[in-house]
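Subject: Structure for you to look at

Hello,

Here is the structure I said I would pass on. Please open it and keep it beside this message, as the notes below go through it piece by piece.

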Amino acid sequence: VQLQASGGGLVQAGGSLRLSCAASGSIFTVMGWYRQAPGKQRELVATITRSGSTNYTDSVKGRFTISRDSAKNTVYLRMNSLQPEDTAVYYCTAAYSNMRPFWGQGTLVTVSS
């Protein structure tokens, strides 16, 4: 299984980006995004199940939207109203039921003030 993330970059505060992560393999039970800011631990950003149920960390609610295209085995993260504190390496993840998740290579998002 391989997960290929893309879409990161440099954006000004208040701007938007969309991350994409294309996965090989069968359709995953759950897909999601984590992030790791410099000097901090990796944290959950958002997840989406195969049925479309979503979960967000409080700091991104109302600003980020996770979605998936199961036919393409791809998960997206639309990020609006970006703030400098959103600067991090964003990692996509995907898992089958009761199995350890697979991880992508990460894509850097930098938000300038």
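Lys61 is partly exposed, with a relative accessible area of 48%. Its salt-bridge partner is Asp58, and the closest N and O atoms of the two are 3.0 Å apart. Asp58 counts as exposed, because its relative accessibility is 61% and the cut-off for exposed is over 50%. Please bear in mind that this is a predicted model.

How many salt bridges does the structure hold? There are four.

Arg35 takes part in a salt bridge with Glu43, where the closest N and O atoms are 2.7 Å apart. Is Arg35 buried or exposed? Arg35 is buried, with a relative accessible area of 5%. Glu43 is partly exposed, at a relative accessible area of 32%.

Arg35 also forms a salt bridge with Asp86, and here the closest N and O atoms are 3.0 Å apart. Asp86 sits in the loop between β8 (74-79) and β9 (88-95), while Arg35 belongs to strand β4 (residues 30-36), so this pair ties together parts that are 51 residues apart in sequence. Asp86 is buried too, with a relative accessible area of 1%. If you select Arg35, Glu43, Arg63 and Asp86 together, you have a network linked by salt bridges.

Next, the aromatic rings. The structure holds four aromatic pairs. One of them joins Phe28 and Phe102: the ring centres are 6.2 Å apart and the planes stand at 65 degrees, so the pair is edge-to-face. The cut-off behind that label is over 60 degrees. Phe28 lies in the loop between β3 (17-23) and β4, and Phe102 lies in strand β10 (residues 102-103), so the pair ties together parts that are 74 residues apart in sequence.

What does the charged end of Arg42 sit over? One answer is the ring of Tyr91, with the charged end 3.8 Å from the ring centre. The charged end of Arg42 also sits over the ring of Trp103, at 4.8 Å from its centre.

Last, a sheet. Four strands make an open sheet in the order β1-β3-β8-β7, and their pairing is antiparallel. Which strands are at the edges? They are β1 (3-6) and β7 (64-69), each of which pairs on one side only. From one strand to the next, the twist averages 15 degrees.

Regards

Methods:
Residues are numbered from 1 along each chain as its sequence is written. This is a predicted model: local features need pLDDT of at least 70, side-chain atom pairs count only at pLDDT 80 or more; totals for chains, interfaces and linings use all residues. Side-chain values use heavy atoms; hydrogens and water are left out. A salt bridge is a side-chain nitrogen of Lys or Arg within 4 Å of a carboxyl oxygen of Asp or Glu. Buried means under 20% relative accessible area, exposed over 50%, partly exposed in between (1.4 Å probe, protein chains only). Helices (H or I, at least four residues) and strands (E, at least two) are DSSP runs, numbered from the N terminus. Rings of Phe, Tyr and Trp (its six-membered ring) pair if their centres lie within 6.5 Å; planes under 30 degrees apart count as stacked, over 60 as edge-to-face and the rest as tilted. A charge sits over a ring if NZ of Lys or CZ of Arg is within 6 Å of the ring centre and within 35 degrees of the ring normal. Two strands pair if DSSP finds at least two bridges between them. Axes are lines fitted to C-alpha atoms, for helices over the stretch in contact, and angles run from 0 to 180 degrees between N-to-C directions.
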